[in-house]
Amino acid sequence: MTHPADFTVPEVEDFDSPHALFAELRGHCPVAWADEMGGFWAVTKHADICRVLTEWQTFTTTVQNVVPRVATTQRRPPLHLDPPGNIPYRNAILRFLSPRRIEEWKPVIAAMVAEHFDPFVAAGGGDICADFSFTLPIALLAEFFRLAPDEAAEIRIVGAEFNMALQRQDFDLLRERSDALYNIAARLIEDRKANPQDPDLDPVSNLLAVRVDGAALPDDKILGALRQFLLVGIIAPTTFIGSMAVHLARHSEHHAELTANPDLVPVALEELLRLYTPYRGFARTATRDVELGGKLVKEGDPLAVVFTSGNRDEDVFPDPHSYRLDRVEPDLVTFGRGPHMCPGSPLARVLLAEVLLQIVQKTRDLRLTGTMEMTRWPEYGPLAVHLALTPAR
């Protein structure tokens, strides 16, 4: 389906330009068509984003999940299934993310962040993405899924290469690394079948133990789900940690405030998640003609729900472009909304809060030393942030 173009997706962006573009669209054309990347509607207002995410009967996730469309292989639950098909896969992971289990993860994550961040501090800085944020989330996923050391080492390499291929839109390498991730997932499933583990402790064994009306989940869907879970925690933290570092480098007063008042880290994290939301291209597809934001969206049209824009919507967040720690219960869409709200968000918040805490505790300042390389759709954030730092004494 083609429509008159309302905006053009820029070929080159910097750290601030996407926010300026989305602010303009929110003010003049909140549901805007672009011809690039196969053509899609950009949904930029908070209320419209929430509507698309919650009205799954009208806006399905079963056709296309991100803009640009990058899925080249089989279906990956739960993201690729509408309710109720997604529920068994979500529930299989949610049981490992209860408040009690999240508390148990906190000391593990603190040690893991220190292991990866301390060498960066000792070196006086570097590229915080390549040298820190690209490896840390993969290490956490390896621990979460109880991977053997050789499997963990492999997924660190393959996951990082997949991430970079996606960010740089190298689709040949993306397909190759995607196949490698499926192979890792397949081997992991076969290992758990041959060497069963306690389903109460091991997420893969739990997926294999799930029964729906007495039947096991299909093997191909378990494979797709595991591959999805292995990736979901890799992509967003890598760029968001870079964004946090850029903010602290630009605003030394915020760095100093958090150093002096570490109890402010959780609320500061929420504000940073609002300001620098790393996803702008999660997609849905219209199942019928529907009016949205003053535009007629036709059946079959893809829509990108731009979380990065929704979290700066002036109608929801006063003074939306400013860092403020006095916001009362901000209604973020950072982790989505509705039946596909990110199940891993509690664990992600623990990881990112610990990263922010250790940055402000272990450094006196951060200084940008080079040109940032930015990701492109479907993510927002830097791929490379070169920093110099002063260690805390």
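Which residues of H6 are buried? I started my notes with that question, working on a predicted model.

**Entry 1: helix H6**

I looked up helix H6, which covers residues 136-144. The helix is mostly covered, with eight of its nine residues buried. I wrote down the buried ones: Leu136, Pro137, Ile138, Ala139, Leu140, Leu141, Ala142 and Phe144. Then I checked what follows H6, and found Arg146, with a positive phi near 55 degrees.

**Entry 2: Met112**

Next I picked Met112, which sits in helix H4 (residues 99-122). Is Met112 buried or exposed? Its relative accessible area is 9%. Buried means under 20%, so Met112 counts as buried. I then listed its contacts, leaving aside neighbours within four places in sequence. Met112 is in contact with Leu136, Ala139, Leu140 and Glu143.

**Entry 3: Phe132**

I moved to Phe132, in helix H5 (residues 128-133). Its relative accessibility is 0%, so Phe132 counts as buried. What does Phe132 touch, not counting residues up to four places away in sequence? I noted Val113, His116, Phe117, Asp127, Ile241 and Val355. Phe132 and Pro119 are 13 residues apart along the chain, with 9.1 Å between their C-alpha atoms.

**Entry 4: the cores**

I read up on a background point before this one. In soluble globular proteins, nonpolar side chains tend to be buried together. Here the largest nonpolar core has 117 residues. Which of them touch the most other members? They are Ile128, Phe145 and Leu356. Helix H10 (residues 219-250) gives the largest share of this core, 17 residues. Another core lies apart from it, with 15 residues, including Leu25, Phe40, Ala304 and Val306.

Not counting residues up to four places away in sequence, Phe145 touches Ile93, Arg192, Asp202, Pro203, Val204, Leu226, Phe229 and Leu230.

**Entry 5: two packed helices**

Two packed helices are described by the angle between their axes and the distance between the axes. I looked up both values for helix H11 (residues 252-260) and helix H14 (residues 345-362). The angle is about 95 degrees, and the axes are 8 Å apart. That makes H11 roughly perpendicular to H14. Which residues make the contact? On H11 they are His255, Leu258 and Thr259. On H14 they are Leu356, Ile359 and Val360. By class, I noted four nonpolar residues, two polar and no charged ones. Leu356 was already in my notes, as one of the core residues that touch the most other members.

**Entry 6: the sheet**

My last stop was an open sheet of five strands, in the order S1-S2-S10-S7-S3, with mixed pairing. Which strands stand at the edges? They are S1 (31-34) and S3 (59-60). Each has a single partner strand, so one side of each is left without a neighbour in the sheet.

I then looked at one pair. Strand S7 (residues 282-286) and strand S10 (residues 302-305) pair in the antiparallel sense, over four bridges. Thr285 stands opposite Pro302 in S10. I finished with helix H2 (residues 46-54), which lies across S1, S2, S3, S7 and S10. Helix H2 runs at about 125 degrees to S10.

Methods:
Residues are numbered from 1 along each chain as its sequence is written. This is a predicted model: local features need pLDDT of at least 70, side-chain atom pairs count only at pLDDT 80 or more; totals for chains, interfaces and linings use all residues. Side-chain values use heavy atoms; hydrogens and water are left out. Axes are lines fitted to C-alpha atoms, for helices over the stretch in contact, and angles run from 0 to 180 degrees between N-to-C directions. Helices (H or I, at least four residues) and strands (E, at least two) are DSSP runs, numbered from the N terminus. Angles under 35 degrees count as roughly parallel, over 145 as roughly antiparallel, 65 to 115 as roughly perpendicular and the rest as oblique. Contact means heavy atoms within 4.5 Å. Ala, Val, Leu, Ile, Met, Phe, Trp, Tyr, Cys and Pro count as nonpolar, Asp, Glu, Lys and Arg as charged, and the others, Gly among them, as polar. A nonpolar core is a set of buried Ala, Val, Leu, Ile, Met, Phe, Trp, Tyr and Cys residues joined through side-chain atoms within 4.5 Å. Buried means under 20% relative accessible area, exposed over 50%, partly exposed in between (1.4 Å probe, protein chains only). Two strands pair if DSSP finds at least two bridges between them.
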